[in-house]
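Subject: Structure handover and what was found in it

Dear colleague,

I am passing on a structure that is new to you, and below it you will find notes on what came out of going through it. Please read them with the structure open beside you.

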Amino acid sequence: KKMHMVLKGLKAKLHLERKSEPTLADFQKKIKMYADAREKGSGIIKYLVDQNVDVRVQNLDVGDFLVSERVGVERKEVRDFVDSLLDKRLMHQVRALKDTFACPLLIIEGTDDLYAVRNVHPNALRGMLAWIAVDMKVPILSTKDARDTAELLITLARREQEENDKDFNIRGEKKPLSTKELQEYV
C-alpha cells in the first residue's frame with residue numbers, strides 16, 4: 001500500500017498521470033448559436049456556454065436566438081409577454097420573425113399565470129395567442145425557467161444542425177416568397 005502511495009505521489013509530482021480517454025462529447029460537433037446581446041441577464045447564455053455551446057452574442061435585428069439559418073426564436077417571460085402586448089411591440093416582433101425565418105418560434109418562459117400578471121382581459125390574451133398561432137402560424141412553446149429554455153434551444157439547435165454540416169450566419173433579409181405569396185402579390 002505504501003509503495004502504491006509513493007508511486008502515485010511521484011506520478012503527480014512529475015505529471016506522469018495518463019490523460020483520460022476521450023469521451024463521446026469530445027467527438028460531437030459543437031453546436032453553434034447566435035444570441036441577442038440583450039439576453040445576457042437572463043442566465044440562458046451562461047447555461048448554454050456551460051453546456052459547451054458555441055454562443056455568439058451580438059445585437060440581432062430579429063429574434064433573441066438563432067439556432068440555424070431557418071429557425072429564429074423570440075423569448076418572452078410571462079410578464080414581458082403581457083407588457084409587449086399592451087405596448088404593441090409583440091405584433092411587430094412576431095411579424096418580423098415570421099417574415100425573416102422559415103420556422104419562427106415563440107417561447108413563453110415562466111410559471112406565472114399569464115391571465116393574472118396584469119389587469120388585462122383574458123380574451124385579449126387569448127386573441128393575441130390565437131393570432132400568433134393561427135394567423136401568423138408561429139408555434140408557441142412554454143418553458144418553466146431559463147434552464148428549461150436553454151435545454152430547449154440546445155435540442156432545437158442539435159436537430160437543425162446535425163443534418164446540415166454547413167456553417168450558418170445571421171440572416172438580415174426577408175425569406176423568399178412562396179409561389180402562393182408571389183401569385184397573391186401579382
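This is a predicted model: local features need pLDDT of at least 70, side-chain atom pairs count only at pLDDT 80 or more; totals for chains, interfaces and linings use all residues.

To begin at the surface, M3, V6, L7, L10 and L14 form a nonpolar patch, and together these residues have about 490 Å² of accessible area. Patches of this kind are made of residues with over 30% relative accessible area and no salt bridge, where nonpolar side chains (Val, Leu, Ile, Met, Phe, Trp, Tyr) are joined within 5 Å and like charges within 9 Å. Accessible areas come from the Shrake-Rupley method with a 1.4 Å probe, and for residues only the protein chains shown count as cover.

Residues are numbered from 1 along each chain as its sequence is written, and side-chain values use heavy atoms, with hydrogens and water left out.

Overall picture

The secondary structure of the protein chain comes to 8 helices and 6 strands, where helices (H or I, at least four residues) and strands (E, at least two) are DSSP runs numbered from the N terminus. Read from the N terminus on, the elements follow the order α-α-β-α-β-β-β-α-α-β-α-β-α-α. Of the 186 residues in the protein chain, 35% are buried, and the chain exposes about 12600 Å², of which carbon and sulfur atoms supply 52%. Among contacts (heavy atoms within 4.5 Å) between residues at least 6 apart in sequence, 71% join residues at least 24 apart.

Helix α5

Helix α5 (residues 89-100) has 12 residues, which at 1.5 Å a residue should span 16 Å, and its end C-alpha atoms are 17 Å apart, which agrees; the expected span is 1.5 Å times one less than the number of residues. The buried residues of α5 are L90, V94, L97 and T100. They cover an arc of only 140° around the axis, which puts them on the same side of α5, the arc being that of the directions from the helix axis to the C-beta atoms. These buried residues pack against β4 (71-77), α4 (78-86), β5 (103-109) and α6 (122-135).

Salt bridges

The structure holds 12 salt bridges, each being a side-chain nitrogen of Lys or Arg within 4 Å of a carboxyl oxygen of Asp or Glu. In one of them the side chains of E160 and R70 meet, at 2.9 Å from N to O. This pair links distant parts of the chain, 90 residues apart, since E160 is in helix α7 (residues 146-163) and R70 is in the loop between β3 (65-66) and β4. E160 counts as buried at 17% relative accessibility, whereas R70 is partly exposed at 39%.

A further salt bridge joins E109 and R75, whose closest N and O atoms are 3.1 Å apart. E109 lies in strand β5 and R75 in strand β4, so the pair ties together parts that are 34 residues apart in sequence. E109 is buried, with a relative accessible area of 8%, and R75 counts as buried at 9%.

D83 also forms a salt bridge with R118, with the closest N and O atoms 2.5 Å apart. Here D83 is in helix α4 and R118 is in the loop between β5 and α6, 35 residues apart. D83 counts as partly exposed at 23% relative accessibility, and R118 counts as partly exposed at 37%. Elsewhere, salt bridges that share partners join E74, K76, D80, D87 and R89 into one network.

Backbone angles

Most residues other than glycine have a negative phi. N52, in the loop between α3 (44-50) and β2 (54-58), has a positive phi near 70°, and N52 is partly exposed, with a relative accessible area of 46%. K137 is not a glycine either, yet has a positive phi of about 55°; K137 is placed in the loop between α6 and β6 (140-143) and counts as exposed at 56% relative accessibility.

Conventions: Buried means under 20% relative accessible area, exposed over 50%, partly exposed in between (1.4 Å probe, protein chains only).
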